[in-house]
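I am keeping these notes while going through the coordinates. The entries cover a pocket, an interface and a few backbone angles.

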Amino acid sequence: MSFFEKIAYIWQKYSATLFSGVGTTILLALVGTLMGLLIGILIGIVRTLPPSKNKFVNGLMKVVNFILAIYIEVFRGTPMMVQAMVIFYGYAKLTGIMLPVIASGLVIVSINTGAYMAEIVRGGIISIDKGQFEGAQSIGMSHWQLMFHVIIPQVLRNILPSVSNEFVINIKDTSVLNVIYVTELFFMAKLTASDTNMVLETYVIVSVMYLAMTFTVTRLLRLVERLLEGKNNYTIHGSQSDPRAEIKVTKEA
Amino acid sequence: MSEYVFEIKGLVKNFGKNEVLKGIDLSVKQGEVVSIIGASGSGKSTFLRCLNLLEQPTGGNILYHGECITDKSFNIRSYRTKVGMVFQQFNLFNNMTVLKNCMIGQQTVLKRSKEEAKANALKYLEKVGMAQFIDAKPRQLSGGQKQRVAIARSLAMDCEVILFDEPTSALDPEMVGEVLLVMKDLAESGLTMLVVTHEMQFAKDVSSRVIFMDNGVIAEDDKPEVIFDSPSNPRTREFLYRILNKDI
Ligand SMILES: Nc1ncnc2c1ncn2[C@@H]1O[C@H](COP(=O)(O)OP(=O)(O)O)[C@@H](O)[C@H]1O
Ligand SMILES: [Mg+2]
């Protein structure tokens with residue numbers, strides 16, 4: 001068989017297998033990125049809490065911040081493949097129960113991504129001018145209220161390129177989860193390659209599949225970015241000569 | 001209830017070893033408009049920020065209607081809805097329209113309904129002449145317009161006092177007038193105001209009292225005509241001489 005015949009053969013016989021891997025990879029990357037972002041935002045909010053008047057609460061805050069710092073260091077400082085092994089087999093050893101592999105996969109990607117997102121969100125929060133925090137405090141808003149309504153919406157918009165980047169990394173790096181038998185695309189590729197003995201052809205097809213996923217995700221998030229930028233035009237209601245005038249204004253930042 | 005809105009006694013604020021406020025005593029009555037003047041670095045901003053608890057005082061007492069605002073049991077957030085603050089840099093919420101800027105505090109802190117918040121916001125945006133611009137975002141406004149929205153944001157909380165920290169210092173000269181006009185209106189409507197300003201004409205014409213701060217203390221506290229025409233403290237005279245000479 002020629003190269004192209006082999007490709008056609010794999011496509012015919014194994015595309016269902018490979019596409020189920022694509023599905024799992026997208027699920028892992030999507031859930032991992034979203035949960036990671038959520039973790040990152042929560043950590044960002046907790047780490048920017050103003051000091052409390054209550055000594056006990058203050059002490060508790062210090063402990064929490066310390067634990068968060070360790071979490072971030074450990075999960076950014078070790079490979080995800082190793083984390084997967086330790087968590088999967090560690091959990092089984094401690095409890096005597098094997099976690100379902102897909103659940104383990106989702107948990108591992110989420111907390112791994114969370115560690116990176118925590119730093120990304122922190123950078124995003126720092127970049128918002130202090131004045132907006134004070135503006136919100138000065139009318140009595142609580143830390144959670146001002147974070148939720150004022151700061152985080154702006155942070156999300158600013159960090160979207162980094163989030164998109166994490167998403168792309170997750171699509172590729174979830175391939176390491178094959179070590180705990182998560183049936184994502186790379187796992188399915190290994191299966192196909194050993195079944196058919198057509199290693200090169202299998203991985204050429206799989207490369208194209210990865211590329212299609214990452215390309216789609218970057219384009220989609222670029223679109224979201226543009227939507228989040230918001231309108232640059234607004235309407236002035238009424239003018240000096242005519243109180244009922246509606247004047248459309250387009251003005252750049 | 002005390003007849004004073006604020007009674008400040010021996011207020012001290014240190015930043016590390018740097019003693020910035022060295023014992024401030026001041027009482028402010030309902031409806032008074034107090035202008036605070038003084039050289040840069042004399043502690044004017046720090047003083048206002050202590051009143052809003054954006055800075056925690058190191059020592060002394062601040063009583064608001066007789067209640068000590070630094071007490072553990074004091075409700076800071078409800079206090080801040082009563083004592084608004086207007087900043088040099090406006091500090092509007094960049095992700096919200098003008099209308100939303102004036103609604104969000106009412107909805108989240110005062111738990112007002114959307115309709116009620118909107119009606120109240122519109123009332124005050126009207127008052128500061130910004131009702132036409134409710135759909136604009138802060139980045140689409142001039143400095144003077146932003147500052148008027150910031151004033152409306154405080155007013156919409158139905159505040160009783162507004163602290164102004166150099167509200168016109170970041171503005172282009174042609175926009176200073178529109179903001180001062182709004183402030184003059186508010187002063188005449190009976191709002192209690194503490195205004196840190198370098199606009200000596202405003203201090204002279206609008207305020208009921210002028211305070212000269214020097215090096216962390218109140219060096220002189222009197223009626224505007226006394227401060228500007230016959231100040232008793234030589235430091236006041238020196239400061240005014242410098243400022244007014246420069247201006248003219
Ligand atoms: N957050 C801060 N940390 C340390 N020092 C500060 C801080 N804020 C103000 N200061 C110091 O306090 C002094 C008074 O500042 P400020 O109240 O801003 O004066 P003014 O508003 O009269 O110009 C200055 O010496 C300033 O450096
Ligand atoms: Mg200042």
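Entry 1, the pocket. I looked up which element gives the largest share of the lining of the largest pocket, and it is α5(A), with 4 residues. Helices here are DSSP runs of H or I of at least four residues, strands are runs of E of at least two, and both are numbered from the N terminus. The model is predicted: local features need pLDDT of at least 70, side-chain atom pairs count only at pLDDT 80 or more, and totals for chains, interfaces and linings use all residues. Residues are numbered from 1 along each chain as its sequence is written, chains are lettered from A and ligands numbered from 1 in the order written, and side-chain values use heavy atoms, without hydrogens and water.

I took a pocket as an open set of points on a 1 Å grid over the protein atoms alone, where a 1.4 Å probe fits, with protein on both sides within 12 Å along at least five of seven lines; lining residues have an atom within 4 Å of a point. The largest pocket holds about 1000 Å³ of space, the volume being that filled by probe spheres set on the grid points, which are joined across faces, edges and corners. I find 27 lining residues, with Pro50(A), Pro51(A), Gln137(A), Leu53(B) and Arg80(B) nearest the centre. At least two lining residues each come from α2 (55–77), α5 (130–138) and α6 (143–173) of chain A and from α2 of chain B.

Entry 2, the interface. Counting contacts as heavy atoms within 4.5 Å, I get 34 residues of chain B against 31 of chain A. The two chains bury about 2800 Å², 52% of it on carbon and sulfur atoms; this is accessible area (1.4 Å probe) lost on being put together, summed over both. On the chain B side, Gln132(B), Arg139(B) and Gln140(B) lose the most area to chain A, together 23% of what that side buries.

I find 1 salt bridge between the chains, taken as a side-chain nitrogen of Lys or Arg within 4 Å of a carboxyl oxygen of Asp or Glu. It joins the side chains of Glu134(A) and Arg49(B), at 2.7 Å from N to O.

Most residues other than glycine have a negative phi. I noted Tyr181(A), not a glycine, with a positive phi of about 65°; Tyr181(A) is in the loop between α6 and α7 (185–196) of chain A. Asn197(A) also has a positive phi, near 65°, and is in the loop between α7 and α8 (199–228) of chain A.
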